[in-house]
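Hi,

Here is the model I said I'd pass on.

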Amino acid sequence: MSILRIVQKGIRSPNVLSRSFTVSKQNWTYAPSVVTPKFIVPADLTSFGDYKRAGSQIPVTNADAAKAPGLVALHARLQLPESFELATLARSLTFIAEGNQYADNAGMALFGKNLVKYYVTEYLMVHYPRLPAVILRAALNAYTGEETLAQIAREWGVEADNKSEMEKFLVDEPKEFSLGRLSFDKVDTNPERGVTVVEGGVNVQQAAFASVVKSVIAGVHAHNGADAAKQFIHDHVISRHIDISQMFQFQFPTRELTNLCSRQSLEPPVARLLAETGRLTVSPVFVIGIFSGSSKLGEGQGNSLLEAKSRAAVNALKNYYLYRPIDPVVPSDPKYDGSLIDGSAVVI
Amino acid sequence: MMQRFASLRAPVSKLLTPRPAFASIPRLFSTSTISQQAAAEPEAKTVTDLTPLKLSPSASLYATIKVHGRQFLVTEGDIINLPYNVKEADIGDKLHLNDVVTIGNRDFTYHQSEGISQDLYKISCTVIEKTKKQLSKRIIKQKRTREYRRAFNKSPYTVVRVNELKLN
Amino acid sequence: MNTRAMFALQNVRVAPTLTRTLVHLHSGKRVAGLKRNPSEYLKVGGYEYGVQAENLQFVKAFLAPYALPDEVVLQVLTHKSFAHGNKPYNDKLAYIGSRFLNNFLSIREASTSSTNAHAVNGLNFDVLGSPIDKSLASPATRYLFAKAHNLNKVLFWAARDATIDNPHRSGEVKITNDVVCALVGAVLLQKGEAVAQTFIQEKYLTGEHSLLAYGSKCVAALLKHQELQS
Amino acid sequence: MPIRAISQVATARNGLGAFIVPCKRVTLTYCNWGGSSQGMRDFLTKDLKAIAAKHPQIEFKVMKKEGHPIIKGEYNNGKEKVISVRKRDPLWINDKIYLLTQQSGKKLIKNFGKKQDVESQNESIRGIWSPMHTDPSVRHRV
C-alpha cells in the first residue's frame, strides 16, 4: 500500500507538521476529465427530434445484448419488466469516452438526473415542509449525489470492464460479454500504485457508476412510463436511509431561535431551569426548557447551565424545522390538493 | 389525556391557514404513557379506535412482534436476526407478521397480551439473507478420563428486514 | 459557583412581567439603537414591500387564469437578500420550481417525434446536453424571457453593489431566474403537477416571447460567434 | 449566523423498497481428468441448467481448470466465498450452491446476544429513561 504524504502548512508543532494518509488501493488512474459530447444541430433549432450526436457510434442490438450473461442477470436482479429492452440496459452501461464503438449514456444520464432530482426534491419538500433551504439541498445531495448513486450502482452488482483486450483474447471471451460490464475511459498506465487522480473536480469512475443509475431510470421512463420511473426512484433511491436531524449545524442556536420566533410572530423565547441535581458536585446535571409564552418549544440537559440552554435551543429549532405532516401527498400524485403551503414565513 | 386526544383530532390545516408553529412537543426523554383502551372486553366486540396513535405528532411507530414465541421490538427498516433457518422461505420472499402484541409510538401504546386483531395493522418483512454463524468448537470431556471429542456446530440463522409497519 | 455558571444564571430567568407597549419608529438618518421605520427601508426602486396591487400587477397579468394568492405572489418576488431574510422569500419555491421545470423541459425535448436511430422507444435522449437544452436552462435566457413579460419590473432584493448597472454582474439575472422558477414552484405546490405542466406549456413555451424563442435566439448567437472564431 | 449543513450519503436498506439479490455470480470449476471432479461433472451435466433457470439474477460461470473442483460465490459488496467440492456428490454441491445464493457476502458472525437480534438505524423509538422526568412523588431519594 502506498502512502501519500501531505504536508499541512500553518501548523507549527513539529510533531504534526507532516501527516501521512493512506489512500485506498485502486487498479488504475483515471482519465483527466469527462469527455464533452458533440452534437449535430439541425437548421431549425427547436426541432428537438432532429438533434443527433456527432460520431459513428452504432446502437447495440437486443440479440447481441442477450448474449451477455452479466447483462441478462442484471436485468433480472433489478426486476425490470420484459418491456425494458436489454439493448437499453447495455447502453446504460456505456459511459461517454473517446472512440466508443457503441452509443453512450450521456443523454440518458442527464434525463435520469432531472427525473430523480425532481422526485426526491418533491418528496423532501412535502415530508419536511419547514426544512431550511441549505438542509434541503444537503438532503437532496445525500439521496442523489454522485457518491450515493455510484454506491447504488455498485450495490446493484454493476462491474467495471477492467480487463484489457489482450486478457479477453487470452481467455477466449466472446465480444458480447463486455456489454454486461460498465465501460468507461481509464488510462491503463499506472505510474504509481494506490494513487487516485481526481482532476478538474471530476472522479470519472464515480461519474461512470452514477451514470448507470440515472440512465436506468431514464430507460424505465422510456419503456415503462413516468409512473414506473417514479416507483423505481422510490424503491431504489428514496428507500435509503438518511438522518436529517444530524445534518444541522447551528452556530448560535439561541440567537437563531430568537430570530425564528420574531419571524413567526411568537413571543421571544425564555430559558427556564426545570430540574437540576448535584450543582455543587463534579457532575451536575441541569435540565432547561425554552418557552415562548406558555408553550414549551424545546428542552435540553447538560453539565452546565450554558450547555443545557444551548442544547434546549437546538432541540427547539429542530422541533420546528423537522416538522412532519401526517400522511403527506406529493404534488405529482393525482390526489394532491395543494395543502402544502402554509402561512409560515420563510418556510414553504 | 382525553383532552389531548381531542386536540389531536383537530382538522389538518388547509391552504394558507396558519399551523401551530411548533408541531411536536419536544421530548428528549421517555414520557410514554401506557393506555389500555377499548377492546379490553372481547365479548363486547367494540371496534378499537387507534386515532391517537395515528394522529400523534411523533410519526414513527413501533411494534412488538412474536415469531415462534420469541418477541422482537421493531420499527420500519429494522433488521431481525431469527436464530433458525426459515425453511419455507427463500431470499426475496415477503413474510406477513400476524402475531403482534404491542403497537405504539412515543406517546401512546396499544397492548394486547393475547395478540392484536389483524385488521388493525399491516406488518411485513422481506427475507434478505439465509446464512450460518461461524463454526463453533466445543470440547466434550468426562472427568478423570483421557478421551475427549470435539463437537462442531454452525447454527443457521435468517435475516429479515421489516419493510412495512403501518396501521390500517 | 464559577463565574460562567453565574453568568448563565442571569440569563435563565422567569419571563418578565413587564411588556413594552410603546415602540418608537425612527425616520431619517440611521441612529444606533433606534428602530427604523419599516416603510422607509422595505422599499426597492420606489415600490414599497407589501401585497399592494402595483407590486403584483405584472406577475398577476402574466399568470392570468392560474391565479395564486397575493401572499404567495409576493413571496415569489422576494429574494432572501431582502430585509435580511425576515420576510417570506422564494428560495425553496425556486428550488423545486427549477427541478420541475428542468425535468419538464427534458421530457418535452426528448419526447418530440424523432428521426434519430439512437432513440429509445421513441425518446431522443441525444438532445439532452445540446446547446438548446443548455440554453433553455440558463439564467440568461430566462432573464430575457422574464424581461419580455415584465416579470422583473418589481423585485424585492438587496443588490450586492447598487452602483453596478450590468444585470449579469449585479446579480439581477440570477435573481430573475429565481423568480421564473419560483413561479413554477408556486403553481406546482398550489395546484399540483398536472396544472403546472399545462402552465409551463401555455405560458413558457408558446407565443412569440416564449422561452423557446429566446433559447433558440441565444443558441443562434452562440453558433454565429463560434463560426466567426473558427 | 446561518445554519450550515453537514453532508451525508444515504445508506442502503436492501429489502425496503426494492430487494436486490446480493449474490451476482457463482463460478464452478471442474477438471476433465481428475476423479475428484466426478461429482461436479455429473452436477454440470444433469442439474446445473435447472438451477440456473431458477436463479435468473445470478450469473453461473463454468470453468475448466485442472485441480480439485471449487464453487465460488461473488457478491455485490465485492466479497467472495469459496467452497471446495472435492469428491463431493451432486446433491452436496446443490446444497452448497443454494447456501451461496442465499447469503449476502457479509462476514459470518460468531454469535449474537439478545440485544443484537434487532438491528436498527432509526433513533430510539421510546426515548431514553430519565430520572429527572419521573414524577417527584415517586422519585428515588438518597
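**Where B meets D**

Strand β3(B) is joined by 2 bridges to strand β6 (residues 118-119) of chain D, and the two run antiparallel. Helices and strands here are DSSP runs (H or I, at least four residues, for helices; E, at least two, for strands), numbered from the N terminus. Two strands count as paired if DSSP finds at least two bridges between them. In this pairing, B:I79 has D:E119 of β6(D) as its bridge partner.

Before going on, some housekeeping: this is a predicted model, where local features need pLDDT of at least 70 and side-chain atom pairs count only at pLDDT 80 or more, while totals for chains, interfaces and linings use all residues. Residues are numbered from 1 along each chain as its sequence is written, with chains lettered from A and ligands numbered from 1 in the order in which they are written.

Back to B and D: the contact takes 30 residues from chain B and 28 residues from chain D, where contact means that the C-beta atoms of two residues, placed from the backbone, lie within 7 Å. On the chain B side, β2, β3 (79-82), β7 (121-132) and β10 (156-167) each give two or more residues, and β7(B) provides the largest share, 6 residues. That side has 9 nonpolar, 12 polar and 9 charged residues (Ala, Val, Leu, Ile, Met, Phe, Trp, Tyr, Cys and Pro count as nonpolar, Asp, Glu, Lys and Arg as charged, and the others, Gly among them, as polar).

**A sheet in B**

β2 also belongs to an open antiparallel sheet of 4 strands in chain B, ordered β2-β1-β5-β6. Its edge strands, each pairing on one side only, are β2 (70-75) and β6 (109-111) of chain B. β1 (residues 62-67) of chain B pairs with β2(B) over 6 bridges, and B:I65 has B:F72 as its partner there.

How many of the 20 residues of α9(C) are buried? It is 18, so the helix is largely enclosed by the rest of the structure (buried means 20 or more other C-beta atoms within 10 Å of a residue's own, with C-beta atoms placed from the backbone). After α9(C) comes C:G192, with a positive phi near 90°.

Cheers

Terms used: A residue is buried if 20 or more other C-beta atoms lie within 10 Å of its own, exposed if 12 or fewer, and partly exposed in between; C-beta atoms are placed from the backbone.
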